[in-house]
Amino acid sequence: VLRYDPAREQAEHEAQIAGQWRTAMIAVACAFGVPNEAQAKAISDGIARTWRQDSDPAEILADSAQAPAGGMSGEEVLGRLGDLPHTLGHAGKEGFLQSAREVLRAGRGEDERQRELLTRIGGSLGMSDAHVRGILVSPA
């Protein structure tokens with residue numbers, strides 16, 4: 001009991017969630033092929049903004065170098081969400097979907113396949129269709 005450090009425990013918990021966020025965001029970036037530098041920077045910026053942790057875009061690119069040239073299936077991307085649907089709160093889920101949108105836009109611009117993937121991600125996070133649509137139509 002005397003060794004219990006709630007601040008340390010909270011920091012470890014946040015680091016674990018940030019790691020899952022990073023893994024899932026790399027999968028989002030790989031959904032339509034090998035990610036580019038702009039996408040890696042968007043992932044890094046999202047981690048810094050949300051989790052106040054540094055993340056090197058070069059390391060993100062290295063971690064995504066084995067992505068299939070043709071992209072990952074939607075099921076593979078959704079599978080990389082891990083525990084995020086259960087660990088993120090309302091604002092965290094919104095933030096994840098907004099960051100995923102930024103990552104996809106940094107890749108190839110916006111198209112219908114990307115909106116479909118983002119809609120599926122929002123559903124997997126437990127967000128309502130109306131909530132997801134609201135995020136997707138809002139200005140970036």
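Salt bridges and exposure in a predicted model

Analyst: In this predicted model, R115 has a relative accessible area of 30%, which makes R115 partly exposed.

User: Why is R115 called partly exposed?

Analyst: Buried requires under 20% and exposed requires over 50%. R115 has 30%, so the value falls in between and the residue counts as partly exposed.

User: What makes E112 exposed?

Analyst: The relative accessibility of E112 is 51%. The cut-off for exposed is over 50%, so E112 counts as exposed.

User: How do you know that E112 and R115 form a salt bridge?

Analyst: Their closest N and O atoms are 3.2 Å apart. The criterion is within 4 Å, so the pair qualifies. Both residues lie in helix α7 (residues 112-124), three residues apart, or about one helical turn.

User: Why is R22 called buried?

Analyst: R22 has 18% relative accessibility. Buried means under 20%, so R22 counts as buried. Its salt-bridge partner D63 has 49% and counts as partly exposed.

User: What makes D63 and R22 a salt bridge, and which parts does the pair tie together?

Analyst: The N to O distance is 2.8 Å, and the limit is within 4 Å, so the contact counts as a salt bridge. D63 is in helix α3 (residues 57-63) and R22 in helix α1 (residues 6-29), so the pair ties together parts 41 residues apart in sequence.

User: How many salt bridges does a search of the whole structure find?

Analyst: The search finds six. Among them is K41 with D45, at 3.0 Å, N to O. K41 and D45 lie four residues apart in helix α2 (residues 37-51).

Notes. Residues are numbered from 1 along each chain as its sequence is written. This is a predicted model: local features need pLDDT of at least 70, side-chain atom pairs count only at pLDDT 80 or more; totals for chains, interfaces and linings use all residues. Side-chain values use heavy atoms; hydrogens and water are left out. A salt bridge is a side-chain nitrogen of Lys or Arg within 4 Å of a carboxyl oxygen of Asp or Glu. Helices (H or I, at least four residues) and strands (E, at least two) are DSSP runs, numbered from the N terminus. Buried means under 20% relative accessible area, exposed over 50%, partly exposed in between (1.4 Å probe, protein chains only).
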